[in-house]
Amino acid sequence: MKFYIKTFGCQMNVNESEIMTGVLEKEGFEWTENPQEADFIILNSCAVREKAEHKLYGAIGQYEKLKKKRENLVIAVGGCVAEKEKKNILTRFHGVDFVFGTRNYMNIKELYDKAKKGKRFADFSDNFDKITAELPKHPYSKHHGWINIIYGCNKYCTYCIVPYTRHFEKSRPIADILKEVKYYNDNKYREITFLGQNVDSYGKDFGDKKPKLDILIREAAKFDSIKRIWFLTSYPTDITDKLIEEVANNFKAAKNFHLPVQAGSNNILRKMNRRYTKEFYINLIEKIKNTVPKVTISGDIIVGFPGETDEDFMDTVDLVKKIRYERLNLAEYSPREGTISAKYYEDDVPKRIKNKRFQYLMNIQKQINHEENEKYLDKVVTVIQENKTKSGAYIGRTINNKVIIFESTEDLIGKFVKIKINKISAGPLYGEIIAKENDKTFNKIESYI
């Protein structure tokens, strides 16, 4: 019995697909990369952007055609679109056998068995307590492990569907998470990433209402094989001084904060229900930069939110110039059915204005990227090598999340290498290997980062 999983969206979805893969393989299923030969197709969906939802619907249509040729094929849809649309997916797509939620994906085998009995159904059970380190998993990477530590979000930003598809925040117990860290450590993984829609809220629901991400990072750093610890995504008002200090002082903690701001106008931030001001955000970034040496900041911004004036937009431009992001994810606002902004705000910024603002900010960010990258030219950096790119070269990251492209070999995936940077761009840096982790000279070569 063969199965195929197609994953849309964020790293949390990737981790959940890894667990579903592990669960099915333990039950005797065989994973395949070819949906044409699969007996069971799972679509793990994302609802954050309208584009991602449309990609899902296109995929369902594609596999429904396949099912007409193979009646015994079972098709399932899970993830955020399933939570958002509920039974509507079954009504709209007659080839879908069942839909399931974001907190019962570990029951995938039982759900499949039910579907094989000829029933079409929707199951959105909340089995959060079953999300433990004991779940079988099949990590897609051999050196970098994803660990979901907190599910859901309590912020209810007016544009965001996530609180309705991922529900209220629930943190996994520290001891259970550390068991999962141990799993990766015992399997010689070098990196882990702690994941959550609001990752630095981790532990606030334990009773004392105090975030505990700093504690988790400190405990995870005690495992020998784990050399780098990442976390995402953060919310500005939940970043604590203790977390900033832990990142600064813990040599395994990645020197990177992904801190979505969404807008630089206090007027728009209020309409978005973002619970901070432009001034608070700028002060927070300054604190992080003053505390964590060579830290990089990445972020998210939405342009064209309902009511955004030229003045509001220029406030965002001003913020981008002040922060000088190393990486910035830009998006044009699109209303998501079921959100507050879609229900109560008119989408009154014309598409051409959204696009113009998008391009204007993108050009500014490219200039900032190039200027920030100039400091790395002719410097030596230490990276963990990742997979091959489409060009045939390999990719690696520094501990502050600078992306480096270089020529290498497959046997160095997951290994530390030192790279001399000989070319820069507004995106990646380019260089050549001058030492590998087992070389006698490796530790003698000083790195910029």
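User: Which residues does UniProt give as "binding site"?
Analyst: The unreviewed UniProt entry puts that feature at C153, C157 and C160. Keep in mind that what we have here is a predicted model.

User: Is C153 buried or exposed?
Analyst: C153 counts as buried, because its relative accessibility is 11% and the cut-off for buried is under 20%.

User: And C160, buried or exposed?
Analyst: Buried: C160 has a relative accessible area of 19%, and the limit is under 20%.

User: What does C153 touch, ignoring residues up to four places away in sequence?
Analyst: With those set aside, C153 touches V162, P163, H167, F168, E169 and Q197.

User: Switching to cavities. How many are there of 30 Å³ or more?
Analyst: The count comes to 2.

User: What lines the largest cavity?
Analyst: V48, R49, Y159, I302, A331, E332, Y333, S334 and R336 line the largest cavity. By type, that lining is 5 nonpolar, 1 polar and 3 charged.

User: Which residues line the second largest cavity?
Analyst: The second largest cavity has N15, I19, Y105, I131, T132, N148, Y151, R172 and E180 around it. Helix 1 (11–26) and strand 7 (144–151) are the elements that give two or more residues to that lining.

User: How about open pockets, what's the volume of the second largest pocket?
Analyst: About 340 Å³ for the second largest pocket. It has 15 lining residues, and the closest to its centre are R228, F251, T382, I399 and F416.

User: How does the lining of the second largest pocket divide into nonpolar, polar and charged?
Analyst: The lining of the second largest pocket has 7 charged, 5 nonpolar and 3 polar residues.

User: Now the packing. How many residues are in the largest nonpolar core?
Analyst: There are 65 residues in the largest nonpolar core, and I149, V181, F194 and F257 have the most contacts inside it. A second, separate core has 27 residues, including F3, F100, M106 and L135.

User: Why would nonpolar side chains be buried together?
Analyst: As a general point, nonpolar side chains tend to be buried together in soluble globular proteins.

User: What is V181 in contact with, apart from neighbours within four places in sequence?
Analyst: V181 is in contact with I147, I192, F194, A220, F223 and I226 on that basis.

User: What about phi at K209?
Analyst: K209 has a positive phi of about 60° although it isn't a glycine. K209 lies in the loop between strand 9 (191–196) and helix 8 (213–220), and is exposed, with a relative accessible area of 66%.

User: And phi of K294?
Analyst: K294 has a phi near 60°, again a positive value in a residue other than glycine. K294 is in the loop between helix 11 (278–291) and strand 12 (296–303). It is partly exposed, with a relative accessible area of 40%.

User: Jumping to R327, where is that placed?
Analyst: R327 is in strand 13 (residues 327–332) and partly exposed, at 31% relative accessible area. Its C-alpha atom is separated by 8.8 Å from that of D300, 27 residues apart along the chain.

User: What does R327 touch, not counting residues up to four places away in sequence?
Analyst: R327 touches I297, S298, G299, Q365, N369, N401 and V403.

User: Last one, domains. Which residues does the "domain: TRAM" annotation cover?
Analyst: In the unreviewed UniProt entry, "domain: TRAM" covers residues 374–435. That span is 0% helix and 52% strand, and its end C-alpha atoms lie 22 Å apart.

User: And "domain: MTTase N-terminal"? Which residues does that cover?
Analyst: UniProt, again in an unreviewed entry, has that annotation on residues 1–117. Residues 1–117 are 48% helix and 20% strand, with end C-alpha atoms 16 Å apart.

Conventions:
Residues are numbered from 1 along each chain as its sequence is written. This is a predicted model: local features need pLDDT of at least 70, side-chain atom pairs count only at pLDDT 80 or more; totals for chains, interfaces and linings use all residues. Side-chain values use heavy atoms; hydrogens and water are left out. On a 1 Å grid over the protein atoms alone, a cavity is a set of points where a 1.4 Å probe fits but cannot get out, and a pocket is an open set with protein on both sides within 12 Å along at least five of seven lines; lining residues have an atom within 4 Å of a point. Grid points are joined across faces, edges and corners, and a volume is the space filled by probe spheres set on the points. Ala, Val, Leu, Ile, Met, Phe, Trp, Tyr, Cys and Pro count as nonpolar, Asp, Glu, Lys and Arg as charged, and the others, Gly among them, as polar. A nonpolar core is a set of buried Ala, Val, Leu, Ile, Met, Phe, Trp, Tyr and Cys residues joined through side-chain atoms within 4.5 Å. Buried means under 20% relative accessible area, exposed over 50%, partly exposed in between (1.4 Å probe, protein chains only). Contact means heavy atoms within 4.5 Å. UniProt positions are given in the numbering used here, feature names are shortened, and annotations may be inferred rather than shown by experiment. Helices (H or I, at least four residues) and strands (E, at least two) are DSSP runs, numbered from the N terminus.
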